[in-house]
Amino acid sequence: MKQWKYGLFLSALSAQPLLQTVDSLLKQGKYGSALGLYDSLFRTQPMPDTLQLRLHLKAAEAWGGANKPKEALIWIAPVESLALRLRDTLGYAELLGWRGLYHYQTRAYADAEVALQQAIQIVETQSAQQTLLYATLWRRRGLIAHDQTKYDQAEEYYRQSVRVLESLALTEHSAYASVLYNLAILYRETGRYAQAESLYLHLKAIQRRVLGTGHPEYARTLNNLANVYSDQSRYAEAEALYLEVKRIWANALGPEHPRYAWALNNLAVLYQTQGRYTEAEALHSEVKAIRAKVLGTDHPDYASTLNNLGIVYRAQGRYGEAEALYLEAKAIWARVLGPEHPNYALTLNNLANVYWAQGRYAAAETLHTEVKALRAKVLGTEHPDYAHTLNNLANIYVARGRYAAAETLHKEVRAIWAKALGTAHPDYAWSLNNLASVYEAQGRYAEAETLYLEAKAVWAKVLGPEHPNYSLYALPNLARLYQLQQRYREADTLWQTIVQKSFDRIRREFPTLPTAARQNLLENLLESRLSDFQRYVAERRDRLEIIQLGYRAARSFKGLLLSSTEAMKHLIETSRDTLLHARYRQWRHIANLYALLTLQENYPVADSLWGVLQKIEREIVLRLPALRDFLPDPAGEPLLPSLRPDEALIEVVRVPSGKKDSLLYLFYLLLPTGRKHTLYLHVHQVDTLWERRVRNSYRILHSPRSVPSGLPYERLWAFLDSLLPLKVRKVYFSPDGVYHLVNVATLYDSERKQFVADRYEVRYLASSRRLLLRRRRFLTQKPVVIGNPDFSTIPDTISEPRMRSYRLFEGGIPPLPGAEVEAKGIAQLLGVSPVIGKAATENYLKLLRSPKVLHVATHGYFIGGERNPLLAGGLLLAQAALWDSLFPPLGGEDGRLTAQEACNLNLIGTELVVLSACETGLGEVRGEGLYGLQRAFLEAGAQRVIATLWQIDDEATRELMLSFYQNSVKRKRREEIETVFYHTLSAFRKRYSHPYYWGAFVMMQ
């Protein structure tokens, strides 16, 4: 007997160091290692009952930490009777506490609540309220209430836990950190961001002191604080924290740990919120690879990655790719978690959103109805996620004109969110906003206004007036409602605020974003609220203040991507930052490789490079704080440019009218009136059929045998001609829409028997804001003239007039002897040697650095239909014909300089680029303008670009170009090169009167 007791004593002593080690492992989250030690402990025989009870509880804790509640319950069951026999009532209470926790983890909330209530009652009966166990039990009750969205109850339970821990002076204990963490999450979910931030900052300070700044738990607090900042659109602060979390978890846990993948995931979600889809996609792809390797492709977290990547694809309009990912995630979640798990319902919801975006309303409605049934069964009909499903269904009903059904659902959503989240939550504001839109559609304006105002107040209070929900939804929706009621004074005030906030957002975010993200941001603004505003201006054309604001917005946002890219390159070229220059060289190299791979349709590799490009470009722009100085500034820029008395300006804006297939063309005209100029607005309402007819009637000029028609003039210019004063001789013209594809100088007035070119010198501008920008002088190199590259094709036997067009070739690319004569003549005039034949390579062009003039006489093309419009057009250079042959040229260059590649040329300071080839002025009209070669060379830094709108004649072009350079060399000191170009064309028309020969050439600046 004594020997047996001595053995128990020894086993208890030997178990103590192991127990301490186990506690340490549990605190580090190393549950697998802890469970391994338990095996060693249970092999120690014999063992006292009290020690056995403690070990079972510790094992349950380890299984629970490993997220395996069923295994935890298995460890608890055998020692219930033991605890009762020992009359260890607090031990039994602890056991009930663990049972409650694991029922909670399996979503058996009623059973969990019963177990925890029993445990608390035992502790209180034993007068042990001042114990860590008591605080822990209250926290677990808070978790149950929290999960069921009983937020008030959960908050009270958490606070009870906090009070106990503070009375025990355990404010640096892990249990205190845990309950603060839970309470902060509750505040975030209920939209109480200031309180959440305060708690996270408090927790951060404790962990910094106790754990150090390299501990994984410290990083987890930073991660959640970043979530709060992201919710409030404090993106810069959020990104800084996410990056720090990524660094800490990489160092502490390794780059293949699930938490590191979690850090990448959160950073990716932040980027997609900002419209930085390329960076988000790259990060989600990295997370996908890590989780596939570490967790396997059948793990729920891997499915989550597929789901998140699908969200990025859907936001980019890549619906097919998004659908495939959602279906894969759906299959995994169904197999691993079961078809009643909330995650399974989530992927059905996202799949339905893809169908909704595609206009497949019936399919979307079917899925949302299924999600509704699942969430009602699993979460209950008072859960916020159930309300989200109702909201999505209601939106489908609105799209299908079923307003009564939509109203019923939106009211139900409002009631659920009010009860679950409170009336000061952003989601509650959404319910108000959406219900108001239903009332608006039904003409119930008073009811709609009440709800819009309430939503606006909630968003302003909770998120702040700079949040996108406030500036992109609350204000425009209310402004549109006032517009419908003709309450123009109130609408005017709101639109002025909206436009100013758009300027503020551009100036705040552009200097931190790579080009692709800038484009996403700008297109979202243009396609939504700025287009809405231009429609409003069209209606308020009698109010000068609104016209002026409309003009300022038009001229500022048109060409903004172009001007910001030019500014970025200017700042790089003038910087003394050696690291900046190194990164820029690296960026240009990868950009050229990306363009080549895309042209070869090697999309997987190209797409991976695109992510790298975005990352490097972001590093570059962050080293250029002065970029903000180049962005539109309403406070610092004059409203109207300074013009001479014989000059006028026309800024064109094309927007959908809001009615099906209807368009508005707004013409902002700055016209001379006495000693000053006055701004006017002319509005032209048309449809897409009108645009097609204009293009078809204008194409007649593409043939030298056609008879010029007055129809294009009547449709495109006659109404403007009637508005221009007789004394106007020069017109600055910034095109949009169909005007990008025509040269207005070639429009023929059949009544007066004259072209527009006979009356006006038309100067094309990407945006009239360029008249306000001071043209900077740069050190340039000698001019470069390229002509008639050696395409390495079959010797020419064609005797008919040649076109400098790529699309006509069959069986080889014919040489251009006229282009060679042109190049030699121009080079002689400019005092340089021409680059012709085999020397005229793509690589030669890419290595140029700021030539004063760049003239390229070769074949050009624009095909269209590419994923990227900048890959649809280009110039042919040496060895271009070999690429598609059996003997492609050595090296990576293919002899085809695409517009995408031309963007990366170094033409900072280049005064003039002449693209003496066919169709170099064509492109695809998107977002802020025409995407093609002309834009690409401007983006590369050229101050002016002469390009062509159709296939041009080789010999006639040679004569025109030689004449232009002869006049340019002879021009007077202050004579502008634009005027020289105009007079050259005027003289050329005396010999070649048909606009086919001279009308294709347009100079853009």
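Mentor: About 250 Å³ of space lies in the largest cavity. The model is predicted: local features need pLDDT of at least 70, side-chain atom pairs count only at pLDDT 80 or more, and totals for chains, interfaces and linings use all residues. Residues are numbered from 1 along each chain as its sequence is written, and side-chain values use heavy atoms, with hydrogens and water left out.

Terms next. A cavity is a set of points, on a 1 Å grid over the protein atoms alone, where a 1.4 Å probe fits but cannot get out. Lining residues have an atom within 4 Å of a point. Grid points are joined across faces, edges and corners, and a volume is the space filled by probe spheres set on the points. By this rule there are eight cavities of 30 Å³ or more.

The lining of the largest cavity has 20 residues. Nearest its centre lie Ala 745, Val 762, Phe 981, Tyr 982 and Leu 985. Helices (H or I, at least four residues) and strands (E, at least two) are DSSP runs, numbered from the N terminus. The most comes from α40, with five residues.

By class, the lining has 13 nonpolar, three polar and four charged residues. Nonpolar here covers Ala, Val, Leu, Ile, Met, Phe, Trp, Tyr, Cys and Pro; charged covers Asp, Glu, Lys and Arg; the others, Gly among them, are polar.

For covered parts elsewhere, take strand β8 (residues 784-789). Six of its six residues are buried, meaning under 20% relative accessible area with a 1.4 Å probe and protein chains only. β8 pairs in the parallel sense with β10 (residues 853-857) over four bridges; pairing needs at least two DSSP bridges between the strands. Val 785 has His 855 of β10 as its bridge partner. β8 also pairs in the parallel sense with β9 (residues 835-837), over three bridges. There, Gly 787 stands opposite Ile 836.

Asn 349 is found in α18 (residues 342-357). Asn 349 is buried, at a relative accessible area of 8%. Its side chain joins that of Asn 350 in a polar contact of 3.3 Å. Such a contact is a pair of N or O atoms within 3.5 Å; within protein, one must be able to donate a hydrogen and the other to accept it, and residues adjacent in sequence count only if both atoms are side-chain atoms.

Methods:
On a 1 Å grid over the protein atoms alone, a cavity is a set of points where a 1.4 Å probe fits but cannot get out, and a pocket is an open set with protein on both sides within 12 Å along at least five of seven lines; lining residues have an atom within 4 Å of a point. Buried means under 20% relative accessible area, exposed over 50%, partly exposed in between (1.4 Å probe, protein chains only).
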